[in-house]
Each structure stands twice: as structure tokens, then as C-alpha cells.
Amino acid sequence: MKEKYVADICGRKEELPIIALSDSVKIAFFNLHGNVGLTEYCAQKLAEKLKDYEFDVVLTAESKGLQLSHCLARNLGHEFYAVARKSKKLYMQDGIESRVKSITTQNLQTMYLSASDVCLLKGKRVAVVDDVISTGGSISAMESLVEQAGATVAVKAAVLAEGDAAKRGDIVYLAEIPLM
């Protein structure tokens, strides 16, 4: 039987499998992919927490933030959201980029924003959204993209704050999970 952690996300209990990232680090793995009910629930709860913040557009990182941001933007009445990609596509030759080291990746990664998403962000107030914030690497990379695009970060948010991220005063989140 696999070890699990039960997360309480605003009253909804979710069993998260414990996964070893290394010999010394384990995480409670949170996955929105394919879980329509959980994604809709988290987007609704996050929209409630973000309703008092003024922002024009949501920016997320692929891939687990995609469906969350889609639902979040819809719930907040936003017509668009932007996506920081983790690989450079052919249509992104004139975009911008930022390097990141995340807890769930072994190597340094680069996040890319297409020129069309740069135009979408330019001069706007942006909500930077992710599924889980742990070390803050992905959020920092997205903040850099926002700045490069000529926009400002209005709020940083996630469904879960992992480990020391829960002690940060600069993020909005729904629940805490431990870093083991």
C-alpha cells in the first residue's frame, strides 16, 4: 500500500500519494490533470480568495496550471490567460524567456512566453498562478517574464503552499502541505 498524505483544501479532503524526489526529499504529489471536479473546486475557491485583488490577466506555467487558470479566468470573468511554456515552440521565436530551478525538475529549465502573450500582458496587472508553490522557482521565473513583458505582478497565488512556502507573506493559497 502506497503512503499517502491527506490534504484539506478548504474543507475538501484529497489523498495525495507520497513520492520520493531523492533519497532525502519526498512530496505529497498534487495533480489536477484529468480531475475536472477538483480543478473546478480549486478554481472556485481560489477565485473567492482573489476577488479583492485588482488584476487584468492570469499567467500560469504549463502544464498543471493550465486547466486551473482556464477555470480561474472563467470564474473571474476574464476573457484571456497567458501561459509560460517549458519548451520553445516554432511560433515563439520572437518571445521572451526566463530560467528556473524547480523542486520537481532535476535540471535548470527555461520558461518561454510567446510574443502574443507578451502583448497580452504589456501594461497590465497580472495574477501569477500555479498549482503548488514550494521553492518559489517557477513563480520567480514567471515574475521575471511579467517584468520583461512590461507588466506588473498584482498577486501570486497557488492551490497549495508546500513546506516553507506556507511561511511566505507574499502568496495567496488554499492549503498547506508538508515537504518531507
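Predicted model: local features only at pLDDT ≥ 70, side-chain atom pairs only at ≥ 80, totals over all residues.

Reply: Residues are numbered from 1 along each chain as its sequence is written, and side-chain values use heavy atoms, with hydrogens and water left out.

Me: Why are α1 and α2 called oblique to each other?

Reply: Look at the angle. The axes of α1 (residues 36–50) and α2 (residues 66–76) cross at roughly 50° and come within 8 Å. Axes are lines fitted to C-alpha atoms, for helices over the stretch in contact, and angles run from 0 to 180 degrees between N-to-C directions. Under 35 degrees counts as roughly parallel, over 145 as roughly antiparallel, 65 to 115 as roughly perpendicular, and the rest as oblique. The pair α1 and α2 is therefore oblique. The crossing of α1 past α2 is right-handed, a word used if the near helix is turned clockwise from the far one by less than a right angle, with anticlockwise giving left-handed.

Me: What makes up the contact of α1 with α2?

Reply: Contact means heavy atoms within 4.5 Å. On α1, the residues include T39, E40, A43 and A47. On α2, they include Q67, C71, R74 and L76. The contact residues divide into nine nonpolar, four polar and two charged. Here Ala, Val, Leu, Ile, Met, Phe, Trp, Tyr, Cys and Pro count as nonpolar, Asp, Glu, Lys and Arg as charged, and the others, Gly among them, as polar.

Me: Is L76 buried, partly exposed or exposed, and how do you know?

Reply: L76 lies in helix α2. Its relative accessibility is 24%, so L76 counts as partly exposed. Buried means under 20% relative accessible area, exposed over 50%, and partly exposed in between (1.4 Å probe, protein chains only). Leaving out residues up to four places away in sequence, L76 touches A47 and F55.

Me: Which residues of α2 are buried, and what do they pack against?

Reply: The buried ones are Q67, L68, S69, C71, L72 and A73. They pack against α1, β4, β5 (81–84), β8 (125–133) and β9 (152–162). Helices (H or I, at least four residues) and strands (E, at least two) are DSSP runs, numbered from the N terminus.

Me: Why does E62 count as buried?

Reply: E62 is in the loop between β4 (57–61) and α2. Its relative accessibility is 15%, so E62 counts as buried.

Me: What makes the link between E62 and R85 a polar contact?

Reply: Their side chains are paired at 2.9 Å. A polar contact is a pair of N or O atoms within 3.5 Å; within protein, one must be able to donate a hydrogen and the other to accept it, and residues adjacent in sequence count only if both atoms are side-chain atoms. R85 is placed in the loop between β5 and β6 (96–100).

Me: How do you know whether I18 is buried or exposed?

Reply: I18 sits in strand β2 (residues 12–20). With a relative accessible area of 10%, I18 is buried.

Me: What makes the phi of C10 worth a look?

Reply: Most residues other than glycine have a negative phi. C10 is not a glycine, yet its phi is positive, about 50°. C10 lies in the loop between β1 (4–9) and β2.
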